[in-house]
Amino acid sequence: MKVWAIVVAAGRGERFGAPKQFLELAGRRVVDRAVDAVAAADGIVVALPDEVSWDGPEVAATVVGGATRSESVRAGLEACPADAGILVVHDAARALAPPRLFDRVVAAVVAGADGAVPGVVLSDTVKRVAGGVVTETLDRADLVASQTPQAFRAPVLRAAHAPEPGATDDAALVEAAGGTIMVVQGDPVNMKLTTESDLAVAGALLRLR
Ligand code: CTP
Ligand code: MG
């Protein structure tokens, strides 16, 4: 079964203050590191901002992303061939994803899941808040933080995106459509660069590797 990967790199990085995916991290751009993390795919599609031309590692295609992450994924879907049976979506902002996460999520889909995500246990207690007041404390024991890369049966991911919904991750769309998402072991090192201080933390983690 052919496996294609979409790396979404079309965000503006508003919380960071710059399109963080194009910054250098220990001598290699964040987006290039994210592409490396899915290099085992049969083809890779990168979704880019309109004004950016690709000068990273060789990939099968680049597309212009959209105004939201989900729109950028949909732009990527259009460039993936019909014979790709498994589609993997990865955030360009996750430069530190170890390649074994790609193997794990793909293996879970090969084994029968509609989709698979890397999950990591939470160390903080999570509370629901409304207007600055706690309304609920969630049981940490049955919560995980979901990372990318995420893998899906291609028809399931395409169907979940067909009504043009929005979500911060693709698994949420497949869940809402009734699909079964398996959680595989994620990696706490696989942080998403979100704010400026994350860049220094990611650099330190890379030096420790
Ligand atoms: N992304 C994208 N297209 C968008 C929005 C996000 O391809 N319209 C990508 C980002 O480039 C990133 C990933 O989705 O690799 C995860 O998104 P996030 O960390 O939220 O990045 P940004 O949307 O760029 O940041 P912010 O939300 O702070 O603006
Ligand atoms: Mg965003």
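Contact here means heavy atoms within 4.5 Å. The legends below describe close-up views of a predicted model.

View 1. Leaving aside residues up to four places away in sequence, D170 is in contact with R69, V73, V89, Q150, F152, L157 and H161. The relative accessibility of D170 is 0%, so this residue counts as buried, the limit for that class being under 20%. V117 lies 53 residues from D170 along the chain, and the C-alpha atoms of the two are 9.5 Å apart.

**View 2. The largest pocket and its lining.** The space in the largest pocket amounts to about 710 Å³. Its lining is made up of 29 residues, and those nearest the centre are G11, R15, K20, R69 and K192. By residue class, the lining comprises 13 polar, nine charged and seven nonpolar residues. Helix α2 (residues 69-79) supplies the largest share of this lining, with three residues.

**View 3. Helix α3 (residues 99-110) and the elements packed against its buried residues.** The helix has 12 residues, which at 1.5 Å a residue should span 16 Å; the C-alpha atoms at its ends are 17 Å apart, in agreement with that expectation. L101, F102, V105, V106, A108 and V109 are the buried residues shown in α3. Because they cover an arc of only 155 degrees around the axis, they are placed on the same side of α3. P99 and V110, on the other side of the helix, are exposed. Packing against the buried residues of α3 involves the strands β1 (2-8), β6 (84-91), β7 (115-121), β11 (150-153) and β12 (181-185), together with helix α1 (30-37). After α3 comes G112, which has a positive phi, near 130 degrees.

**View 4. The buried face of helix α6 (residues 196-208).** In this helix, D198, A202, G203 and L206 are buried. Viewed down the axis of α6, these buried residues fall within an arc of 140 degrees, and therefore line one face of the helix. A200, R207 and L208 are exposed on the other side of α6. The elements covering the buried residues of α6 include strand β2 (24-25) and helix α1.

Methods. Residues are numbered from 1 along each chain as its sequence is written. Chains are lettered from A and ligands numbered from 1 in the order in which they are written. This is a predicted model: local features need pLDDT of at least 70, side-chain atom pairs count only at pLDDT 80 or more; totals for chains, interfaces and linings use all residues. Side-chain values use heavy atoms; hydrogens and water are left out. Helices (H or I, at least four residues) and strands (E, at least two) are DSSP runs, numbered from the N terminus. The expected span of a helix is 1.5 Å times one less than its number of residues. Buried means under 20% relative accessible area, exposed over 50%, partly exposed in between (1.4 Å probe, protein chains only). The arc is that of the directions from the helix axis to the C-beta atoms. On a 1 Å grid over the protein atoms alone, a cavity is a set of points where a 1.4 Å probe fits but cannot get out, and a pocket is an open set with protein on both sides within 12 Å along at least five of seven lines; lining residues have an atom within 4 Å of a point. Grid points are joined across faces, edges and corners, and a volume is the space filled by probe spheres set on the points. Ala, Val, Leu, Ile, Met, Phe, Trp, Tyr, Cys and Pro count as nonpolar, Asp, Glu, Lys and Arg as charged, and the others, Gly among them, as polar.
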